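The structure is shown below, and the description follows it.

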Amino acid sequence: MSSRQSQHEFELTGGVLCLDFANTLGDRPRSTAEHLGGYGDLLSFSRQAGSVPAESLDELERLAEEHPRKARSTFQRAIELRETLFGVFSRIADGNMPEADEIQSLNEVLRQSMSHLQLRVLDETFEWSWDEDRPCLERPLWPIVRSAGELLTSEESRSVRQCASETCSWLFIDRSRTKRRRWCDMSTCGNRAKARRHYQRQKQTRASGQTRPRGGRTNSGQ
Ligand SMILES: [Zn+2]
C-alpha cells in the first residue's frame with residue numbers, strides 16, 4: 001500500500017462530495033472496480049475533489065510515510081465510512097430509510113470530525129474552516145462525513161439517485177429540471193445504454209425479418 005498520491009483520475013459525477021466518495025468503488029456487482037488501494041489514493045481523491053488544501057495534503061503524505069501503520073488503519077476506516085455512505089444513500093435512492101447502525105457509525109465519524117471544525121474571521125465576516133494547524137491522518141474524512149450530514153438534513157436528499165445502468169452502481173444528485181435523470185453520466189452509462197438499446201432493436205429487427213413471409217417487405221437499409 002502506498003501513501004503516495006496516485007494518478008488515477010476520479011470521475012466526480014455525484015454532485016456532492018459524500019456521493020463522489022461512495023462512487024470510488026464502482027460497477028455492479030459493487031465489489032469490482034476498486035479505485036482506492038491505499039492511503040495515497042485517499043489523498044488523490046481529496047486533491048481532485050478539492051476537499052483538502054494542497055499544502056495539507058503534502059503534509060499528510062509525509063505524515064503517512066512516517067506512520068505507515070496508522071495510515072493503514074485510517075485507510076481502513078475510510079473504506080468503512082465509504083461503505084456506510086453507500087448503504088445509507090443507496091437505500092435513500094430506493095425510497096427507504098437507512099439502517100440504525102449505519103446512522104450510528106456515521107455519527108461516530110461525525111463526532112470525531114466535527115471537533116476539528118472552527119470559525120475563521122475574514123475581514124468582517126466569518127466562515128467555517130477546518131483546523132489545518134495540527135496535521136491529522138483522518139483529515140480527508142472530515143469534509144466527507146460533514147457533506148453526508150448536510151445532504152441528509154437537506155431537501156436535496158430527496159434527489160439522490162442510483163445509476164440505472166445494469167453495470168454501474170454509482171450514486172448522484174438529480175439536479176435536472178425534469179427530475180428524470182437516470183444515469184450517473186450521460187457520456188458513459190447513458191451512451192452505453194443507448195448503444196445497447198440500439199443493438200437490441202437491430203437484433204429484433206433482424207430476427208423478425210427472418211420470420212417474415214417470403215415476398216414481404218424487408219427492413220433493409222433501416
Ligand atoms: Zn453509471
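Helices and strands are here DSSP runs, with helices of at least four residues and strands of at least two, numbered from the N terminus. The model described is a predicted one.

**Overall composition**

The chain contains seven helices and four strands. Read from the N terminus, its elements follow the order α-α-α-α-α-β-β-α-β-β-α. Of the 222 residues in the chain, 42% are buried. Among contacts with a separation of 6 or more, 62% join residues 24 or more positions apart. The accessible surface amounts to about 13300 Å², and carbon and sulfur atoms account for 48% of that surface.

**The pairing of H2 and H3**

Helix H2 covers residues 39–49 and helix H3 covers residues 54–66; their axes come within 11 Å and cross at roughly 175 degrees. Because angles over 145 degrees count as roughly antiparallel, H2 is roughly antiparallel to H3. On the side of H2, the contact is formed by Tyr39, Leu43, Ser46 and Arg47. On the side of H3, Leu57, Leu60, Glu61 and Ala64 take part. Sorted by class, this contact of H2 with H3 comprises five nonpolar, one polar and two charged residues. As a general point, an α-helix has 3.6 residues a turn, so residues three or four places apart point the same way.

**Helix H4 and the residue Gly95**

Helix H4 spans residues 68–93 and has 26 residues. From its first C-alpha to its last, H4 reaches 37 Å, which is close to the 38 Å expected at 1.5 Å a residue. H4 is followed by Gly95, which has a positive phi near 85 degrees.

What is the phi of Asp123, a residue other than glycine? The value is positive and near 50 degrees. Asp123 is located in the loop between strand S1 (117–122) and strand S2 (125–130). With a relative accessible area of 78%, Asp123 is exposed.

Lys179 is likewise not a glycine, and its phi is positive at about 55 degrees. The loop that holds Lys179 runs between strand S4 (171–173) and helix H7 (186–211). Lys179 counts as partly exposed, at 40% relative accessibility.

| Residue | Phi |
|---|---|
| Gly95 | near 85 degrees |
| Asp123 | near 50 degrees |
| Lys179 | about 55 degrees |

Terms used
Residues are numbered from 1 along each chain as its sequence is written. This is a predicted model: local features need pLDDT of at least 70, side-chain atom pairs count only at pLDDT 80 or more; totals for chains, interfaces and linings use all residues. Side-chain values use heavy atoms; hydrogens and water are left out. Axes are lines fitted to C-alpha atoms, for helices over the stretch in contact, and angles run from 0 to 180 degrees between N-to-C directions. Angles under 35 degrees count as roughly parallel, over 145 as roughly antiparallel, 65 to 115 as roughly perpendicular and the rest as oblique. Contact means heavy atoms within 4.5 Å. Ala, Val, Leu, Ile, Met, Phe, Trp, Tyr, Cys and Pro count as nonpolar, Asp, Glu, Lys and Arg as charged, and the others, Gly among them, as polar. Buried means under 20% relative accessible area, exposed over 50%, partly exposed in between (1.4 Å probe, protein chains only). Accessible areas come from the Shrake-Rupley method with a 1.4 Å probe; for residues, only the protein chains shown count as cover. The expected span of a helix is 1.5 Å times one less than its number of residues.
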